Amino acid sequence: MPGFTSPPNPNAFQSQVWELVRRIPRGRVVTYGQIALMLPPPAGVEPEAYRAFGPRWVGGAMAACPDDVPWQRVINSQGKISDRPGAERQRQLLEEEGIVFFKDKVDLKKYGWRGPGEEARQETLF
């Protein structure tokens, strides 16, 4: 499996990530890996390689996101905020949206977003 330090077309990949993250509803979170799985592998990247590198690429996109992207709604696969500058601000923003932390973790089953169309799936249940 070839190693990739970045997607073949970083600008196109970042744009896809940001468009998807803009759709995450207030009070919901999603992981880096989940975002990667919601997007198709870039052209020329085998699915196996994409599964390995995609979450890192999403992290890179989030580190460079524009101001209108709700970056705080993307957390790590453990339901935690990754330890980095801005982590305290991220928690504060999520708490303002009604997300409750238990021992520094978010309950992904309760607050997790399953992707575009989740709202439509919810409506069919009622």
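Analyst: Helix 1, helix 2 and strand 2 are among what covers the buried residues of helix 3. Contact here means heavy atoms within 4.5 Å. Buried means under 20% relative accessible area, exposed over 50%, partly exposed in between (1.4 Å probe, protein chains only). Helices (H or I, at least four residues) and strands (E, at least two) are DSSP runs, numbered from the N terminus.

The buried residues of helix 3 are A49, Y50, F53, G54, W57, V58, A61 and M62. F53 also marks a kink of about 45°, shortly before the proline P55. The bend at a residue is the angle between axes fitted to the seven residues ending there and the seven starting there. The end C-alpha atoms of helix 3 are 24 Å apart, which agrees with the 24 Å that its 17 residues should span at 1.5 Å a residue. The expected span is 1.5 Å times one less than the number of residues.

Now the neighbour, helix 1. Its buried residues are F13, Q14, V17, W18, L20 and V21. They fall within an arc of 160° seen down the axis, so they line one face of helix 1. The arc is that of the directions from the helix axis to the C-beta atoms. These buried residues pack against helix 2 (32–38), helix 3 (47–63) and strand 2.

The model is predicted: local features need pLDDT of at least 70, side-chain atom pairs count only at pLDDT 80 or more, and totals for chains, interfaces and linings use all residues. Residues are numbered from 1 along each chain as its sequence is written, and side-chain values use heavy atoms, with hydrogens and water left out.
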